[in-house]
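Please find below some remarks on the model under discussion.

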Amino acid sequence: MADDSIAVVDLDSCQPDRCNYECANYCPPNRTGKECITTRGEDADEGDPDQIRISEEICLGETCGICVEKCPFDAIEIINLPQELEDDPVHRYGDNAFSLYGLPAPQEGRVTGILGPNGIGKTTAVRILADEITPNLGQWDDEPEWDAVMDEYRGTELQNYLEELQEGSVTVARKPQYVDRIPDRFDGNTRELLERTDERGVLDDLVERLSIGPVMDQPIDSISGGELQRVALAATLAREADFYFLDEITPYLDIGQRMTAARLIGELTGTDRSVLVVEHDLAILDLLADSLHVAYGEPGAYGVVTGPKSVKNGINEYLAGYLENENMRIRPNAIEFEEHAPRTAAASSPLVEYPDLTKSYGDGEFSLTVEGGTINENEVLGVVGPNGIGKSTFAELLAGELDPDEGSVGTALDVAYKPQYIEIDQPMRVDAFLSSITNDFGSSYWDTEIAQPLQLERIMEQNLTDLSGGERQRVAIAACLSEDADLYVLDEPSAHMDVEQRVQATSAIRRYTENHDATALVIDHDIYMIDLLADRLLVFDGEPAQSGHAGTPVGMREGMNSFLADLDITFRRDERVGRPRINKPGSQLDREQKDQGEYYYAP
């Protein structure tokens, strides 16, 4: 194979007990007596002995591709790397495994961002820079010494950082990507976890500003995802370190909490500490970062991290799918933002009219009041507001799963519900799970309307328990839309999905409602998703965990102006690609829009 090609075998998909080794039997080099595709054997470092490996020295490359076509489980990829990619990998996980090319360079006293799809090596890059993985320069079978690594980076921006990292003269702190795994590693309460990390003596301030005081004495395994995210952020920022690595700070956080996190990080870099943040919320990344690295490639196969760009240009190039400095197209089509905002809701018949409602969980416990309103047929009603304010309670009242203390929904609705937190503990394959929900599974209609937009094809034969957070999210959305229901309620569908997946999920939800005269209620904290999806808005306010209040559904401009005014945030559109952007607090545009009372795009 040419030096600019790699062969990748997905060991989760390779199932030799269910095939006849068609890949090896039809491989042209194998048919001439060469050992191109062979079994891994008993001494394999990874995978089962009967699974296959591909010799990249013998393979004919992507121009052949016979093994890719013959594999019944889509377990093989033969990929031509970009011609501009002349360097060896920074790290490769093994024979026919994922390769990472390039590393971001943390900048002293600044926030460096990384933007790219899931499965592209961003977390691998962070773990290398946090000294959790020693880069093997692609030599997984004979890992080089650190001296060889330093020779590779001599004369680059990373030389000084890597030298200091190896010498132990810089300290690092890292927040993991999946905070829901923290209870598996720590079984104490929140206070015990945070007190052991408070090396800077700032714990009291972090607890107050992140509003985690109420959970300080609760066991870690009993608090919600949003609370875990804030606890993880506090535990990381409380450490005494030179470099902070934050792998996704926004999942499960409402927009107010996201802004608080951004302000805390900004204050941290003001003390000459450095931050590298991986993030999919473009509005927060745009506000927070000083420079940006774009990551691209083939998820699960290889990833490339570009050199630093300005934040504005980096985001716009990523959305356009074309990197100008690299002269590289990374996506066939641009991610576009329709010039609809604020969308004007079309007149339609009511699906449900509900009166004033109240619900209390007991004396001194959380209580919710809801003003009467209407949810219309064939609309997407966006729901925004802080966490712990009663949005999910409202959904359960509509579904008949909770009885209100006052008022009555009146009509029992069939509600398909995707919860905020996805609990999966059954060892069932994705295709078996989805086929148990709908008889339409596998039909051309189902594939076109649900499977393809949500990119489910490659994970159909995986077990639910083996899925990543973003993969679980897409399966849960598919399961919700596959049900026969009057109302589809999706609670935080954007969590753990990258930008591209969010846009595709948004398209799937929007198209489903339009093509099937369906009605959806979408609760989310990603302004991009709400902006693209919603016809009208339902705004919640109140005191989180104490009392909540929901007004009546209103038009997008009225609702977003009210919501953003409470947060003291103004939005504008990027003049080049039309995406939403948060105005810098106190900037001229910010002041002008506030003076006009137009927080959601100046007209």
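**Notes on the predicted model**

1. Asp95 is placed in the loop that joins S5 to S6. This placement, like everything that follows, refers to a predicted model. Outside the four places on either side of it in sequence, Asp95 has contacts with Arg40, Arg53, Ile54 and Trp140. A further relation concerns Gly138: its C-alpha atom and that of Asp95 are 9.8 Å apart, although 43 residues separate the two along the chain.

2. S5 and S6, the latter comprising residues 99-101, are antiparallel and joined over two bridges. Within this pairing, His91 is found opposite Leu100 of S6.

3. Both strands belong to an open sheet of eight strands with mixed pairing, ordered S5-S6-S12-S11-S7-S10-S9-S8. Which strands stand at the edges? They are S5 (91-92) and S8 (172-175); each has a single partner strand, so one side of each has no neighbour in the sheet.

4. Helices H5 (residues 146-153) and H6 (residues 159-167) pack with their axes 9 Å apart, at an angle of about 165°. Since angles over 145 degrees count as roughly antiparallel, H5 is therefore described as roughly antiparallel to H6. The contact draws on Trp146, Met150 and Tyr153 from H5, and on Gln159, Leu162, Glu163 and Gln166 from H6. Classified by type, the residues of this H5 and H6 contact are four nonpolar, two polar and one charged. The two helices have a left-handed crossing.

5. Aromatic pairs in the model number eight. One of them is formed by Tyr161 and Phe243, with ring centres 4.7 Å apart and planes at 80°, so the arrangement is edge-to-face. Because Tyr161 is in helix H6 and Phe243 in strand S9, this pair ties together parts that lie 82 residues apart in sequence.

6. Helices H17 (residues 469-482) and H18 (residues 499-515) have axes 12 Å apart and pack at an angle of about 0°. H17 is therefore roughly parallel to H18. On the H17 side the contact involves Arg474, Ile477 and Leu481, and on the H18 side Gln501, Ala505, Ala508, Ile509 and Tyr512. Six residues of this contact between H17 and H18 are nonpolar, one is polar and one is charged.

7. H18 also meets helix H16 (residues 444-451): their axes come within 9 Å and cross at roughly 130°. How are H16 and H18 oriented to each other? The two are oblique. Tyr445, Thr448, Glu449 and Ile450 of H16 make the contact with Ala508, Arg511, Tyr512 and Asn515 of H18. By class, the residues in the contact of H16 with H18 are four nonpolar, two polar and two charged. Ala508 and Tyr512 are listed in the contact with H16 and also in the contact with H17.

Technical notes. Residues numbered from 1 in each chain as written. Predicted model: local features only at pLDDT ≥ 70, side-chain atom pairs only at ≥ 80, totals over all residues. Heavy atoms only, no water. Pairing = 2+ DSSP bridges. Helix = DSSP H or I, 4+ residues; strand = E, 2+ residues; numbered from the N terminus. Axes fitted to C-alpha atoms, helices over the stretch in contact; angles between N-to-C directions. Parallel < 35°, antiparallel > 145°, perpendicular 65-115°, else oblique. Left-handed = near helix turned anticlockwise from the far one by under 90°. Contact = heavy atoms within 4.5 Å. Nonpolar A, V, L, I, M, F, W, Y, C, P; charged D, E, K, R; others polar. Phe/Tyr/Trp six-rings, centres within 6.5 Å; stacked < 30°, edge-to-face > 60°.
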